[in-house]
Amino acid sequence: RGEIAVRIIRACKEWGISTVAVHSDVDRDSMHVRMADESVCIGPHQPANSYLNIPALMSAIELTNADAVHPGYGFLSENANFAKQCHKQKLTFIGPDSYAIKKMGDKKIAKSIANKAGIPSLAGYYILPDEKMSRIIQNATKIGYPIMLKATKGGGGKGMRLVLNQKELKSSLNLAKSESISVFGSDEIIMEKALLKPRHIEVQIFGDNFGNYIHLGERDCSIQRRYQKIIEEAPAK
């Protein structure tokens, strides 16, 4: 994320826009913090107490009199409540509105919308909070191993675990929930049929609040480490 912040700050400098960097206590010497015109420490190194801390971020915005927020990616960039609070404070949130984030930032809701639109998706099952392990095992068997556990509230490879057989299911689920809570503030998990050698193809789309939209063509994001992209190639071949 630091690299993204650096790119954003460089672009703002070219346009003559002043910038404020927020950071945890251990990131105070990061490059994006040094490059920004101002910086504010929003908490300790635990993400839940800093980068996921909406009150701390809103206080930093008020303290510096900022009028726009670029959330980067991960953490609160896909948090509908954060986008909604920015809108209430008449701040420009550089990203989708809270309605779109709420619908597409949750894998359960996003899959439902895709299915209603006739878009095929992998077989999956939403694990309810405090659901009995016996029922989870039953549905995993129904889907068929290998399966993938995914945090419903986020992405970026966090809260994900590949499960090859039933013996791995319970421990993998506990790890996925723990990581999901730490990064996204939620332990909601969805499990899907795993594709072991897929191609990950994306089409990047940009839009503004004036109804203008463009796409940047397709790209192949299949080269990954721990479910995080390493290299993106365009065009995909």
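**Helix packing and aromatic pairs**

1. Helix 3 and helix 4 cross in a right-handed sense (a crossing is left-handed if the near helix is turned anticlockwise from the far one by less than a right angle, and right-handed if clockwise). The model is predicted: local features need pLDDT of at least 70 and side-chain atom pairs count only at pLDDT 80 or more, while totals for chains, interfaces and linings use all residues. Residues are numbered from 1 along each chain as its sequence is written, and side-chain values use heavy atoms, with hydrogens and water left out.

2. The axes of helix 3 and helix 4 are 11 Å apart, at an angle of about 30° (axes are lines fitted to C-alpha atoms, for helices over the stretch in contact, and angles run from 0 to 180 degrees between N-to-C directions). Helix 3 is therefore roughly parallel to helix 4 (under 35 degrees counts as roughly parallel, over 145 as roughly antiparallel, 65 to 115 as roughly perpendicular and the rest as oblique).

3. Ile54, Leu57 and Met58 of helix 3 contact Asn81, Phe82 and Gln85 of helix 4 (heavy atoms within 4.5 Å). This contact of helix 3 with helix 4 comprises 4 nonpolar, 2 polar and no charged residues.

4. Helix 7 (residues 133-143) and helix 8 (residues 166-184) have axes that come within 11 Å and cross at roughly 125°. Helix 7 is thus oblique to helix 8, and their crossing is right-handed. On the helix 7 side the contact involves Met133, Ile136, Ile137, Ala140 and Thr141, which meet Gln166, Leu169, Lys170 and Leu173 of helix 8. The residues of this contact divide into 6 nonpolar, 2 polar and 1 charged.

5. How many aromatic pairs does a search of the whole structure find? The search finds 2 (ring centres within 6.5 Å; planes under 30 degrees apart count as stacked, over 60 as edge-to-face and the rest as tilted). Tyrosine 51 and phenylalanine 75 are stacked, because their ring centres are 5.4 Å apart and their planes lie at 20°. Tyrosine 51 is in the loop between strand 2 (38-43) and helix 3 (54-64), and phenylalanine 75 is in the loop between strand 3 (68-69) and helix 4 (80-88), 24 residues apart.

6. Phenylalanine 82 and phenylalanine 93 form an edge-to-face pair, 6.0 Å centre to centre with 85° between the planes. Phenylalanine 82 lies in helix 4 and phenylalanine 93 in strand 4 (residues 92-93), so the pair ties together parts 11 residues apart in sequence. Phenylalanine 82 is buried at 3% relative accessible area (buried means under 20%, exposed over 50%, partly exposed in between, with a 1.4 Å probe and protein chains only).

How values were computed:
Helix = DSSP H or I, 4+ residues; strand = E, 2+ residues; numbered from the N terminus. Nonpolar A, V, L, I, M, F, W, Y, C, P; charged D, E, K, R; others polar.
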